Amino acid sequence: MATVTLKLFALLGARLPPGSVANATSVAVGEGATVATLIAGFGLPDKDCHLVLVNGAFIPVDSRAATPVAEGDVVSIWPPIGGG
Amino acid sequence: MGWTGKFLRVDLSAGTVKVEDLNRDWARQYLGQRGLATKYYVAEVDPKVDPLSPANKMIFTTGPLTGTAASTGGRYSVVTKGPLTNCIACSNSGGFFGNELKNAGWDMVIVEGKSPKPVYLSIENETVEIRDASDYWGKSVWETEHGLKALHQDPLLRVASIGAAGERGVLYAGIINDLHRAAGRSGVGAVMGSKNLKAVTVRGTRGVRVKDPERFIAATIAQKQVLADNAVTGQGLPKYGTQVLMNVINEMGAMPTRNFSAVEFEGAHKISGEAMHEPRATDGKANLVTNGACFGCTIACGRISRMDPGHFSIASRPQYRDASGGVEYEAAWAMGSDCGVDDLEACTFANFMCNEHGFDPISFGSTLAAAMELYEMGALTKEQTGGVELKFGSAEALVKMAELVGKGEGFGLELGQGSRRFCAKYGHPELSMTVKGQEFPAYDPRGIQGMGLTYATSNRGACHLRSYTVASEVLGIPFKTDPLVTDGKAALVKAFQDATAAFDASGLCIFTTFAWGLENLAPQLDAACEGEWTPEHLLEVGERIWTIERQFNLAAGMTAQDDTLPKRLLKDAAKTGPAKGLTSGLDKMLPEYYQLRGWTPDGVPTAETLKRLELA
């Protein structure tokens, strides 16, 4: 098992466990875990996972299943957002 | 149609007001607002003019869709030569002032000369008068707006005014309408102050005609549905506003921090859009009260905040306990991350100061950040700051300096000269994070490469709203590009610049472009305005606008040497995050950009380009 930090922002923040601080929670993942299995395991709809960063680096949709997550990684996810 | 076909020419030196017919050929070529007013401006004003002299002019201008039923149709702009940059300045605002001006029957107001005494311009449909404003000179924006509404006995009077910052020559003073909407950038408020013009008041009840009302209403309804169905404009912006970006930009390591000395801010979450929704530990209430919309807007991204009444900045000042305009992302970044301040309430108070006294939070925060770096390195002393410890992270210093700049007093007036002049005065011009004299917005070009080219080539100095490639490089709109590479960014920047110029000429808000492209704008314009308005024609209009702005700047004395970035961004690599080891690759993008624009290697439009754009 490994522990990663999952950060859910904007409207996805409502899916965090109660008591989460700074939009973050710790998640235990098994061997072979990927960004895709993390998203599925947390029950996040794919359509709401528009922007996914692992340690700040963008992970395209078609790379999520092939991107492993490891101990200490920070996975940050946003729904479609805009600003300026 | 769309256009009223008439504009006002106000000569403050002579005290006269004239009505003139709009040049319809120019309207076809430049559409309106940013485009059409810039055409008038460059045709009438010597590019070498001193921006703060009576010879400079300023134009309050609407677009053909301003005041119509189109979503976000409340925009107006102020076009002039900016004192901060000595370049063309065009500052865009929402609220309700633009709509009112258009409904009074005017496409534009060209203001010339300088009044011998403080005045305001009163527009009530066809009745236009230059009136004495001596009683309001020295008053804040908020006092002025409330006072003029009371004087006219009309709560629906719309007021655009300046505060002491504009009167006293803060070079990034803005013009504030509807208490907290701002034509904020490039110092248009300082130009207004130099003319002794305190305010423009408007009441308009004439309505706006469109070419084909049935087709126009159908087009606007269809496009409003596009905005409603889009997750960004329908959900994200109403809920979190632009402030949703604080965590995004920080997580990806492109958050300019402490005057661009770092790219990640440890306190970002505390001043983020998400934090604005969270109950405070002190009083259990959230900073954000509600969102707000400008005239006709179906997005409603505005932030309305109420401060913690026990916060040190207002504990003894109950007048600031009412809800008012809260921080947007750029303001929260400039006065927060860039100054190392993680106190949301202090940032909110400083934002209130910007609105109350009329100055740009981006340029103010960025200038303060440079001053803080100077202070920490010993180039600036406590004696020089008026006794304030100007350390990074000091919420007290932020609050104090925001008040001093707003009132144009003491050390605040020095900060009010902007980062470039301030850093030069204290012997370290290299610490000024500016392009062409205007301060950077909230995206580090080492982590978002396209924004480096955006800043370097922006016609009004460093600015994110001239080509917001963050949409593509970070948010994936309309398609995702890699923020860390330079390949393809020259074309991306040019495309964003031209399309943005077209939107800025329409009377609508650029935030619609998170859901719309020119193909969504065109049918609304085509139904409202004479002529044929296609996406292709609009793109050509946008490129023409960009080019005449460039020509003005070149004639004003700018050269390709000014299309650059501070050395810190070109030489010092990012130390952390995905951009670690990267500097801005401006040198790889700029030559290709010139080529794509049809400019010489020296950044000058070729004769062939000018002919193609009907400019020669």
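Guide: A salt bridge is a side-chain nitrogen of Lys or Arg within 4 Å of a carboxyl oxygen of Asp or Glu. This model is predicted. A search of the whole structure finds 42 salt bridges over all chains.

Visitor: Why is the meeting of the side chains of A:Lys7 and B:Glu251 called a salt bridge?
Guide: Set the value against the cut-off. The N to O distance is 2.8 Å. The limit is 4 Å, and the partners must be Lys or Arg with Asp or Glu. A:Lys7 and B:Glu251 pass, so the pair is a salt bridge. Between chain A and chain B, the count is 1.

Visitor: What makes B:Asp360 and B:Arg185 a salt bridge?
Guide: Their closest N and O atoms are 2.9 Å apart. The cut-off is 4 Å, so this pair counts.

Visitor: Which parts of chain B does the pair tie together?
Guide: B:Asp360 lies in the loop between helix H12 (344–357) and helix H13 (361–376). B:Arg185 lies in the loop between strand E11 (181–183) and helix H6 (188–194). The pair therefore ties together parts that are 175 residues apart in sequence.

Visitor: How many residues does each chain bring to the contact?
Guide: Chain A gives 21 residues and chain B gives 29. Contact means heavy atoms within 4.5 Å. Together the chains bury about 1,900 Å², with 67% of it on carbon and sulfur atoms. There are also 7 residue pairs in polar contact, both residues at pLDDT 80 or more.

Visitor: Which elements give two or more residues to the side of chain A that touches chain B?
Guide: They are strand E3 (51–54), strand E4 (57–58) and strand E5 (74–78) of chain A. E5(A) gives the most, with 3 residues. By class, this side has 12 nonpolar, 8 polar and 1 charged residues.

Visitor: Which residues line the largest cavity?
Guide: Among them are B:Trp3, B:Leu36, B:Asp107 and B:Met108. Helix H2 (33–44) and strand E3 (58–62) of chain B each supply at least two lining residues. The lining has 4 nonpolar, 5 polar and 1 charged residues.

Visitor: What makes a pocket other than a cavity?
Guide: A pocket is an open set of points, while in a cavity the probe cannot get out. The second largest pocket has a volume of about 510 Å³. Of its 24 lining residues, the closest to its centre are B:Pro478, B:Phe496, B:Ala499, B:Thr513 and B:Trp516.

Visitor: Which helix gives the most to the lining of the second largest pocket?
Guide: H19(B), with 6 residues. Helix H19 (489–504) and helix H20 (518–528) of chain B each supply at least two. By class, the lining has 17 nonpolar, 6 polar and 1 charged residues.

Visitor: What kind of peptide bond joins B:Ile477 and B:Pro478?
Guide: A cis peptide bond, with omega about -5°. B:Pro478 sits in the loop between helix H18 (470–473) and H19 of chain B.

Visitor: What is the phi of B:Asn125?
Guide: Near 50°. That value is positive, in a residue other than glycine. B:Asn125 is in the loop between strand E7 (119–124) and strand E8 (127–132) of chain B.

Methods: Residues numbered from 1 in each chain as written. Chains lettered and ligands numbered in written order. Predicted model: local features only at pLDDT ≥ 70, side-chain atom pairs only at ≥ 80, totals over all residues. Heavy atoms only, no water. Buried area = accessible area lost by both parts, 1.4 Å probe. Polar contact = N/O pair within 3.5 Å; in protein donor to acceptor, adjacent residues only side chain to side chain. Helix = DSSP H or I, 4+ residues; strand = E, 2+ residues; numbered from the N terminus. Nonpolar A, V, L, I, M, F, W, Y, C, P; charged D, E, K, R; others polar. 1 Å grid on protein atoms, 1.4 Å probe; cavity = no way out; pocket = protein on both sides within 12 Å on 5 of 7 lines; lining within 4 Å. Points joined across faces, edges and corners; volume = space filled by probe spheres on them.
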